[in-house]
Amino acid sequence: MASTYVAGGDIEYGRYGNPTWSGLETAIGALEGGRCLVYSSGMAAVTSLLDLVALGDKVVVPRHTYNGTLVSLADLELRGRLTTTVVDVTDTAAVVAACEDAALVWFESPTNPALEVADVPAIIKAAHDAGARVVVDNTFLTPLLQQPLSLGADLVLHSATKYLSGHSDLQLGAIVTDDDELYDVLKGRRDVQGNIPGPFEAWLALRGLRTLHLRVERAQSNAAELARRLSGHSAVAEVRYPGMGAMISIVLPAADHADLLVRATSLWVNATSLGGVESTFERRRRWKSEPATIPDGLVRLSVGIEDVDDLWVDLSGALDQIGG
């Protein structure tokens, strides 16, 4: 928990480093295949990455991506810092075309909350052919299911608040790169800007990381089974599940149906975060900044590690109250 260190050692001051950060960074870096820096929150990591973009540069971003990223980009564009080109990440040809003159291509696969899957290698190649850097937000799949650096990405982003930590008890962000020059730039800016995590949060995250493989295995198994059962329920108009991970989105016929659902359960928790051991869900269009292309009745489910039959009894019972 030290903030001050004896002069002449490896660490001079608590803003420049901490042994607990180092342990967490080593572990996440090993999982993703690069060098990791941890931050005070996922948004601190997002803004640190956007700070790499020079004045007036162009950023390509999916229309459906983490809402905080979209809000940050909109703010920077409004202030004249950069320009953005918004794309449908499932339209690979359109994304490739948008890469021209881009400085940064930023995307998720699957997307939040639409759960669309991108052609990751094709987009990375197109971005690099255009001279752009690539950031992949890997929060949903974790390095156990996808390693973007191995596919050619320059930078990987995590809201470590979510699956990496896994217990909904801290806020933390992480950036991983295998480019030593980029690492040094980001480390230098973190030292100056102070977007650093607390050592206790880093310790909690490192503890949570030790069960990542068990949590992902169980949550993914639960999600696959729930997606199968949901597809046969008359109250559900559409089930979106990419075939891996523990995130599901369902579309109900109307917003009021979705609002009824998230208020009608006892085990599922109506909450905006995700990736914990507990199952949570929310209607995404309740946020004013959510893209209009997200259906009013879309409910994003973060499937936890509870007994799958208990989850289904609670969820299906609420859906039965809504009706088809």
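Which residues line the largest cavity? In this predicted model, the lining of the largest cavity is made up of Phe140, Leu141, Thr142, Leu145, Tyr163, Val216, Gln220, Gly245 and Ala246. Among the secondary structure elements, those that contribute two or more residues to this lining are helix H6, which covers residues 142–145, and helix H9, which covers residues 212–230. When the lining of the largest cavity is divided by class, six residues are nonpolar and three are polar, whereas no charged residue takes part. The space in the largest cavity amounts to about 40 Å³, and the count of cavities of 30 Å³ or more comes to three.

The model also contains an open sheet of five strands, arranged in the order E8-E9-E12-E11-E10 and with mixed pairing. Because strand E8 (238–240) and strand E10 (269–270) each have a single partner strand, they stand at the edges, and one side of each is left without a neighbour in the sheet. Within the sheet, strand E11, comprising residues 280–283, is paired with strand E12, comprising residues 298–302, in the antiparallel sense and over four bridges; Glu282 has Arg300 in E12 as its bridge partner. In general, the strands of a sheet pair through backbone hydrogen bonds, in either a parallel or an antiparallel manner.

Methods
Residues numbered from 1 in each chain as written. Predicted model: local features only at pLDDT ≥ 70, side-chain atom pairs only at ≥ 80, totals over all residues. Heavy atoms only, no water. Pairing = 2+ DSSP bridges. 1 Å grid on protein atoms, 1.4 Å probe; cavity = no way out; pocket = protein on both sides within 12 Å on 5 of 7 lines; lining within 4 Å. Points joined across faces, edges and corners; volume = space filled by probe spheres on them. Nonpolar A, V, L, I, M, F, W, Y, C, P; charged D, E, K, R; others polar.
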